[in-house]
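Please look at the ligand site in this structure. A short report on its surroundings is wanted.

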Amino acid sequence: METTTSASFPHTRLRRTRASTWSRAMVRENNLTPADMIWPLFISEGSDVQEPIDSLPGVSRWSVDLIVERAKEARDLGIPCVALFPNTPNGKRSDDGQEALNPDNLMCRATKAVKDALGDDIGILTDVALDPYTSHGQDGLLNDKGYVENDRTLEILTKQALNQAHAGADIIAPSDMMDGRVGAIRSVLELANHHDVQIMAYAAKYASAFYGPFRDAVGSGGLLKGDKKTYQMDPANSDEAMREIALDIAEGADSVMVKPGLAYLDIIHRTKAEFNVPIFAYQVSGEYALIKAGAAAGVGDHDALMMETLTAFKRAGCSGMLTYFAADAARLLNG
Ligand code: PBG
């Protein structure tokens, strides 16, 4: 009998494996789990404070004591890591962002509190960039023309990273897009014996219009004049993202991030094909807010929209994603 290696209809019917729930589960190529999620959390001053963020429905800033509760919730849901972002009061912001180096700043207090309560039960990722601490909302130090100066900024970023590592951060995540920051931060961490503190590089971070609600959340939105195009990447570029990623890996990054997420799935896919490192997507604030607004406007079912976008990141090649949906998605996955 002749065997055929390229059956066509009707011998081949791709609907056969789709016809029932059990079969779809059996052939599913990518499965989301709570362990894929990193949950970004915003910290505010005070105690027992929850401040809902208008532009991010369902997301709040929490005082340090309640951040600890959120971290416990994450652990109980099977979320392996939380990402912390401070809302620094205007009185503590300055042109040079010195509050970033204060061992007792909001970020460090929250990091210590979570580590004291949970130890190694959960990872803590801390963002390195000056925008939550500057009075101008830019990620680095400005010269007299308002240009963000790379090398002077590197000096303070390395100190900021060290400050976070001393407080107990497990993953340092430079989001500033200065040249040379990963290598500079790795060097100071090694010198300070923080050999096991990881670096997740915001390697391909684009100058995106999707960051608006985040800037409200950390209180830098109203302060920022202009844009971040002299350091964040041009959304038109893909080859350049590969150069950024290659450099960050060469400088000692343990994992890389692509940000934003959904509009950059091609970058994730290309990174997966070209490099052997864990890749994370940041489903940023504007993406989250769009889905919330779409669901509220009746565009589609909230949970279905959420799960479809998160699955897309896995399919594109991600090990996981930073997402404001983390707890909701984990709850859904846990049934
Ligand atoms: C700070 C930083 C930003 C985000 C993460 N870290 C904002 C920016 O670059 O302006 C955005 C995250 C989000 O929109 O959810 N450098």
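This is a predicted model: local features need pLDDT of at least 70, side-chain atom pairs count only at pLDDT 80 or more; totals for chains, interfaces and linings use all residues.

Residues are numbered from 1 along each chain as its sequence is written, and side-chain values use heavy atoms, without hydrogens and water.

A search of the whole structure finds one cavity of 30 Å³ or more. A cavity is a set of points, on a 1 Å grid over the protein atoms alone, where a 1.4 Å probe fits but cannot get out. The volume of the largest cavity is about 130 Å³, taken as the space filled by probe spheres set on the points. Its lining has 16 residues, each with an atom within 4 Å of a point. D131, K205, Y211, F214 and K259 lie nearest the centre.

The ligand sits in the largest cavity; that is, more than half of its atoms lie within 2 Å of the cavity's grid points. β7 (198-205) and α6 (212-218) each give two or more residues to the shell around the ligand. Helices (H or I, at least four residues) and strands (E, at least two) are DSSP runs numbered from the N terminus.

The ligand is surrounded by 18 residues, with a heavy atom within 4 Å as the cut-off. K205, K228, K259, S285 and Y324 are the closest.

| Side chain (polar atom) | Distance to a ligand oxygen atom |
|---|---|
| K205 | 2.7 Å |
| Q232 | 2.9 Å |
| Y324 | 2.6 Å |

Taken alone, the ligand exposes 400 Å², and the protein buries 100% of that. Areas come from the Shrake-Rupley method with a 1.4 Å probe.

Terms used
A polar contact is a pair of N or O atoms within 3.5 Å; within protein, one must be able to donate a hydrogen and the other to accept it, and residues adjacent in sequence count only if both atoms are side-chain atoms. On a 1 Å grid over the protein atoms alone, a cavity is a set of points where a 1.4 Å probe fits but cannot get out, and a pocket is an open set with protein on both sides within 12 Å along at least five of seven lines; lining residues have an atom within 4 Å of a point.
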